[in-house]
Amino acid sequence: MDLAYIPSPSTGVINLGPIPLRGYAFCIIIGVFLAVWLGNRRWVARGGRPGTVADIAVWAVPFGLVGGRLYHVITDYQLYFSEGKDWVDAFKIWQGGLGIWGAIALGAVGAWIGCRRRGIPLPAWADALAPGIVLAQACGRWGNWFNQELYGKPTDLPWALKISEGPNRVAGTYHPTFLYESLWCVGVALLVIWADRRFKLGHGRAFALYVAAYCAGRVWTEYLRVDEAHLILGLRLNVWTAMFVFVLAVVYMVVSSKIRPGREEIVEPGAAEEAAAAEEAKTAGDDAAAKDSGAAEDESRKADGDAERADDSADDRTAKTPEKAAKAPGKTGAAEAAKNG
């Protein structure tokens, strides 16, 4: 009897009338929005314009989805083109099956097109987006949980994943490799953010760090998986791919740091000038507002002074009037005495 385990959803689809909401697609969408949001914040902090990341993502995301699906279908072609299989299923992306290697490779092509159209360097944009990409992967892995796929070897650990009986799977408790990889991706995102702040990574090195760190984790999570895969010298294809890409990323970081040390000073032409002009306009507006406020305050003080002087004048007139009234009878009496005398 299992004392504790992580339950799996009974279904990966929620139907709202005629509209199916699929957990796998929902996780991918959340990941894309998270990547764009964080990437935009980092891009602006680097001196870029707000919205540039989203504009380029319009190119990168579709290319990435196509690339991820192509890699999956090519490397697992037996799932779609072997005897008894329906090749149309290769287009059913909502059923799961995106290879991160193809997604990054073809997504980079889409990003290059978008960067070229905006006149900005692809490595700088990739550095800004790197933590967001790996956080998007962390979200996307939960799509495997909805589909009850890509789990690991059987285990009775308290955090084991309970899998129900279904096509191509046997009921039981297994290692939740989706969870392991999701947590690893969160750790990679934090590592890249810290290293970028600490060492001022530039020219694509933050992105290369993300790739290397992710590949290191992918090796051991891939080793735990039990789903069908192609083997080369006893190792799964994705293990070899992860090790090869890891080496490429590390080599790039070393060579790039020697050839182009430091970080790009300008990542988007004209953005710094626009920001300076906007700040100058804001400062001028604040000065004008302060000047108007000072003038209004002076005018108010002047009006208050006039009112005080008017009050003082009225008091003086009031004080002099009784004196004149008192003197008037004296003069009249003197005149009368002179007349009588």
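Guide: Helices are DSSP runs of H or I with at least four residues, strands are runs of E with at least two, and both are numbered from the N terminus. Val251, for example, lies in helix α8, which covers residues 237-259. The structure is a predicted model, in which residues are numbered from 1 along each chain as its sequence is written; local features need pLDDT of at least 70 and side-chain atom pairs count only at pLDDT 80 or more, while totals for chains, interfaces and linings use all residues. Side-chain values use heavy atoms, with hydrogens and water left out.

Visitor: How many helices and strands does the protein have?

Guide: The secondary structure comprises nine helices and six strands.

Visitor: Which residues of α8 are buried?

Guide: A residue is buried under 20% relative accessible area, exposed over 50%, and partly exposed in between (1.4 Å probe, protein chains only). In α8 the buried residues are Asn238, Val239, Thr241, Ala242, Ala249 and Ser256. They pack against helices α2 (52-75), α4 (100-118) and α7 (205-224), and against strand β6 (235-236); contact here means heavy atoms within 4.5 Å. Across the protein, 35% of the 341 residues count as buried.

Visitor: Which residues make the nonpolar surface patch?

Guide: An α-helix has 3.6 residues a turn, so residues three or four places apart point the same way. Here Phe246, Val247, Val250, Val251, Val254, Val255 and Ile259 make a nonpolar patch of about 570 Å². Val251, at a relative accessible area of 45%, is partly exposed. Patch members have over 30% relative accessible area and no salt bridge; like charges are joined within 9 Å, and nonpolar side chains (Val, Leu, Ile, Met, Phe, Trp, Tyr) within 5 Å. Accessible areas come from the Shrake-Rupley method with a 1.4 Å probe, and for residues only the protein chains shown count as cover.

Visitor: In which direction do β1 and β2 run, parallel or antiparallel?

Guide: Two strands pair if DSSP finds at least two bridges between them. Strands β1 (residues 13-16) and β2 (residues 19-22) are joined by four bridges and run antiparallel. Asn15 stands opposite Pro20 of β2. The two strands form a hairpin with two residues between them, and Gly17 in the turn has a positive phi of about 65°.

Visitor: How many salt bridges does the structure hold?

Guide: Side chains of opposite charge can pair when their charged atoms come close. A salt bridge is counted where a side-chain nitrogen of Lys or Arg is within 4 Å of a carboxyl oxygen of Asp or Glu. The structure holds 13 of them. In one, Asp196 meets Arg42 at 2.8 Å, N to O. This pair links distant parts of the chain, for Asp196 is in helix α6 (residues 177-199) and Arg42 is in helix α1 (residues 23-45), 154 residues apart. Both Asp196 and Arg42 are buried.

Visitor: Which residue forms a salt bridge with Arg118?

Guide: The partner of Arg118 is Asp55, and their closest N and O atoms are 2.6 Å apart. This pair also links distant parts of the chain, with Arg118 in α4 and Asp55 in α2, 63 residues apart. Arg118 is partly exposed, at a relative accessible area of 32%, and Asp55 is partly exposed at 40%.

Visitor: Where does His203 lie?

Guide: His203 lies in the loop between α6 and α7. It is buried, with a relative accessible area of 10%. Leaving aside neighbours within four places in sequence, its contacts include Pro123, Asp127, Tyr252 and Ser256. Lys200 is in the loop between α6 and α7 too, but counts as partly exposed at 48% relative accessibility.
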